[in-house]
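Hello,

Here is the structure we talked about handing over. My notes follow it.

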Amino acid sequence: MMSRLPLQAKIERTAYGVGAACLAALPQLDDGGVNASVAVLGGGCAWWLYRRATRSDFRTALVAAQRGLPVLTGAAAYAAAVTADGARWWEYAAPVAWGALMAAWLPVTRASWTPSSAELVPAAGPSGFEAEVAARWAASQASQQTRLTDIERLHPTGKDFTAVIVAPAGLPVPRLDLDAVAAVYDVPAGTIHGLEDIPGSGPGRKRLTITPSDHSGGQTFEDHWAERVGGHDGAIPRSRVTKIVEHPGRVMILAEVPSGQVATINHAQLCSAFGVQAAELRLIAETDGGSKALVTLYETSPLTSTRAATRELLTPDADGYWVIGTAHDGTDVYARLWDPKLGALHGYIVGVTGSGKTVAFVLGLAAVANAGGVSWLASLDPDAQLAAAGEYIDRQGSGRLYAARATRAAVALMTIRGEINAEVGHDFSAASPYPLLALDLDEFNGLCDDSDEGQEIAANAVAIGERGRKYGMAVTFGGQTLDLARIGGDRSLREQTRSGTGVVLRTVSGISGRQATEGMLPEGVELADIPIAIGGGLTIEDRMDGITAVPHGASTAGMGHVLTGGAPRMMRILYAHLPKDGTAHNLDDLFPEGGGVFTLTAREIEALDALDLYGDWTAPLTEAETAAAQAAAKPKKKPTAKEQIVAVLTCEMTAKEIREALPDIAAGTVRNALSAAVEEGLISNPEHGVYAPLN
């Protein structure tokens, strides 16, 4: 349409209209000067065309003939009108027909103007990658007035594409310089796969394929995925691509495995398949816990920037959710303190020194305080940053004796709160007359050594982890690694803990997230390793080239994964200013305004005082405590099969599910114990093969 033509083309079409009027009027004047001017113009154009035809190739001559056509035909029409006798009707009709024909012929001849790149990409046509490919081609001399259509991207993150080159009407696609084509798209010349004939099309249309990311000669991305990712031994076995979406700076690929199977991801293998370094953290892969996997590939790592924590972000909602960090795609990542049905939720924080573990603990302490809850924090060794947060919570200290006293008081508090639950007629909820109690145990594996206190801490932690939720008691286990099975926690304890919030930051070098959280991650879940820095260090190629100056990378403190009762999300936790140089922190802005500290209720404190459990937890060990710790640390009799069945049966389960939950007990023993437990009234048997707890 006229409105879409460049200004030069509009001027030329206007000139054809004026020229048509002149061709109709000027011959009637029979003026010698006008006649001579037209003769010179027509002759000069004919001479120019002759020179182009004799000194250039056929294609150039043909283009010149198209451009000279308006002048030559106009001069011919003028000459015919001048030499004709009188004023005939066709002398007026011919100029009109000439003007209309030249105006319509303009887009083909392209006389005196060159279409812009925008015209080569229609307004409703390709966008993003395809538009850039077309625009680069249109702006380059290598195109030789051809244009690209049917552009198809072959690789979601590379420059690979295939397209159809279309020559001007009536002309063949010219011979292209492949080096020049490679320069247009800044790719190696060896990745340009010539000009191929298109079945059913003539020489005016050729196919161009460029594959710098894949040298297989135009292999589609689906083929690439099937070969390197979705194969039996691939990074996401048995998967296929179902959707690809491109956003500025990232490409998202949705893949699925067959129905009834669970998608598993080998992150390092997936990075290799895409040709990126795992340590760059540019490729993020996650599952929905079922058959779908989402792979996001970024131009640069999305986790290098930090986001400051605020009191608003650290205030839980009615369902116990609060913002702990920002995901790789910019969305909020939530942790959870409680569930309306399950009660208080346990959790774990795993990370080496410098990974952001302390900040994660402090964020959790602030969230509990902003919800009106009480926090008791115990760590293996003194920590200045945790001590700073200790000013805002009920209890904070270090050492095994301190942790033993804290867990001992928490165990006793379960009995006290059990009496309160019986009085009000329900377990812990928002309506309970006592607050949430969060017990944080940092460096937990180190706390649970072979000493009397260590063994008591382990036993108390197991009791709180297995039974504390209905009493509003949440325990968070922390450490560089975590192995609840080692301290005597059975499958029930691990299930209780991983139903809450898990935070896995950078782990010990050479130890995967699954190894560092033994027994805590869902089956099939593998976490991407977090490097010490992003962009630092030297590559193999750098060392081969003799480069010795090691660049400093971006810190990965706070980068990791969050699991909230399901699939992990890669994120970076919120930033809290906890300096190690003695300067001021910003905790006043994170904890409740006014600096108040929440404590247990007066009834609870009095009950614990009566048991001599709420005094100074840093005081020297008493003889009574020594005796109690030794008693608690004595090996307990292994529970019978019936007792283990009662413990694991928290909802209706089939006999098969119970056997799977108790792999250390022979199947025959489980069957006999089930029958005995039903007969003794320990469990119910609502239907054949199905068992349920009594309450």
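A contact here means heavy atoms within 4.5 Å. Helices (H or I, at least four residues) and strands (E, at least two) are DSSP runs, numbered from the N terminus. The model is predicted, so local features need pLDDT of at least 70 and side-chain atom pairs pLDDT 80 or more, while totals for chains, interfaces and linings use all residues. Residues are numbered from 1 along each chain as its sequence is written, and side-chain values use heavy atoms, without hydrogens or water.

The chain as a whole: it has 22 helices and 27 strands. Of its 695 residues, 45% are buried (under 20% relative accessible area, with exposed over 50% and partly exposed in between; 1.4 Å probe, protein chains only).

Next, helix H8, residues 221–228. Its buried residues are Phe221, His224 and Trp225. They sit on the same side of H8, because their arc around the axis is only 100° (taken from the directions from the helix axis to the C-beta atoms). Their cover includes strands E5 (240–247), E6 (250–256) and E8 (292–298), and helix H9 (267–274).

Last, a helix pair. The axes of H12 (400–424) and H18 (602–610) come within 10 Å and cross at roughly 130°. Axes are lines fitted to C-alpha atoms, for helices over the stretch in contact, and angles run from 0 to 180 degrees between N-to-C directions. The contact residues include Leu413 and Ile416 of H12 and Ala607 and Leu608 of H18.

Best wishes
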